[in-house]
Amino acid sequence: ERKVVLDQGKTNVNGPHQGAWIDSESGEDWFIHFQDRNAYGRVVHLQPMKWVNDWPVIGNDKDGDGKGEPVAVFKKPFVTGRYQVQTPVESDEFNDQYLGLQWQWQANPKTFWAFPYAGSLNLFAITMPDSIRNYWMVPNLLLQKFPAEEFMATAKIIFNARLEGERAGLIISGQDIAYLSVEKKADGNYISYSSCRNAADKTIAETLTDLEKLNGPEIYLRVKVARGGVCEFSYSKDGRSYQPIADKHIAKEGKWIGAKVGLFCTGKLKTNDPGYADVDWFRIEKI
């Protein structure tokens, strides 16, 4: 037998996709599923559920036909005790000897990519293959999922580069890529902005624009993400006054995943002793 017990109806919750029935200890029934939110990934929803004529009815069944629609607001499940509202961890002061669970490497990690040390994270300038045209195929991107529709991410970085072409930055990753970075050149360190549309093509090269030469190794990199995945980058040399980038990057999902925000450090020359980016902290804030 087959029966539709939940569909999008007149709501903006597309899908709904995949899910599971939750039978709570208090005897309540609930259903979790996800909604595809493009750049924001697959957002999990919790729906009320009840049984009618041996069929589950999920969400709000306004007309009583046994087919519910997702609800945006509903009474919480019954639990004993009181609990504060919490969100998954996003910011990281890098005070622990291990990376937080919010972080995900772009590819299977190597132990020498990063090293938490003395209250900061050392990201080493891993050499990129000559064949790479953009950062879609760079494995050592340290990323996390978008935590909200609107947020601001800021990182304080001390760039300890050794070789020309080494680069460290703040990146928005997906099928379209943009990043703000500092690069070591023959005459010093330069702040630059790069973007690449359709980066997943792999053959499309990114555009790179130098912004200004830096006098010291310390730099603050920031990106504000507004509704619709609109990303605005900026940087600061003192952590107070930020210089905005004119380009507005629209975040785009990856392959079966949402867009991500994070850090990287790469190099161009083969060496056993690369430079590194000393990341003091990475902070997510509400906007």
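A residue counts as buried at under 20% relative accessible area, as exposed at over 50%, and as partly exposed in between (1.4 Å probe, protein chains only). By that scale Glu212 is partly exposed, because its relative accessible area is 25%. The model is predicted: local features need pLDDT of at least 70, side-chain atom pairs count only at pLDDT 80 or more, and totals for chains, interfaces and linings use all residues. Residues are numbered from 1 along each chain as its sequence is written, and side-chain values use heavy atoms, with hydrogens and water left out.

**Overall build**

- The protein has 19 strands and 0 helices; both kinds of element are DSSP runs numbered from the N terminus, with helices being H or I of at least four residues and strands being E of at least two.
- The C-alpha trace spans about 75 × 45 × 35 Å along its principal axes.
- Of the 287 residues in the protein, 45% are buried.
- Among contacts (heavy atoms within 4.5 Å) with a separation of 6 or more, 59% are between residues 24 or more positions apart.
- The accessible surface is about 16400 Å², and carbon and sulfur atoms hold 49% of that area; the areas come from the Shrake-Rupley method with a 1.4 Å probe, and for residues only the protein chains shown count as cover.

**Charges and salt bridges**

- There are 35 positive and 37 negative side chains, and the centres of the two sets lie 3 Å apart.
- In this count Lys and Arg are positive and Asp and Glu negative, while His and the chain ends are not counted; each charge is placed at NZ of Lys, CZ of Arg, CG of Asp or CD of Glu.
- Side chains of opposite charge can pair when their charged atoms come close.
- The structure contains 13 salt bridges, each being a side-chain nitrogen of Lys or Arg within 4 Å of a carboxyl oxygen of Asp or Glu.

**Glu149 and Arg37**

- Glu149 and Arg37 form a salt bridge through their side chains, at 2.8 Å from N to O.
- This pair links distant parts of the chain, 112 residues apart: Glu149 is in the loop between β9 (141-145) and β10 (151-160), and Arg37 is in the loop between β2 (29-36) and β3 (42-52).
- Glu149 is partly exposed because its relative accessible area is 30%, and Arg37 is partly exposed because its value is 26%.

- Lys185 forms a salt bridge with Asp210, with the closest N and O atoms 2.3 Å apart.
- Lys185 in strand β12 (residues 177-185) and Asp210 in strand β14 are 25 residues apart, and the pair links distant parts of the chain.
- Lys185 is partly exposed, since its relative accessible area is 23%, and Asp210 is partly exposed at 36% relative accessibility.
- The side chains of Glu212 and Lys237 also meet in a salt bridge, at 3.0 Å from N to O.
- Here too distant parts of the chain are linked: Glu212 lies in strand β14 and Lys237 in the loop between β16 (230-236) and β17 (243-250), 25 residues apart.
- Lys237 counts as partly exposed because its relative accessibility is 45%.

**Thr203**

- Thr203 sits in the loop between β13 (188-196) and β14 (207-214).
- Thr203 counts as exposed because its relative accessibility is 51%.
- The side chain of Thr203 makes a polar contact with the side chain of Asp201 at 2.5 Å; a polar contact is a pair of N or O atoms within 3.5 Å, where within protein one must be able to donate a hydrogen and the other to accept it, and residues adjacent in sequence count only if both atoms are side-chain atoms.
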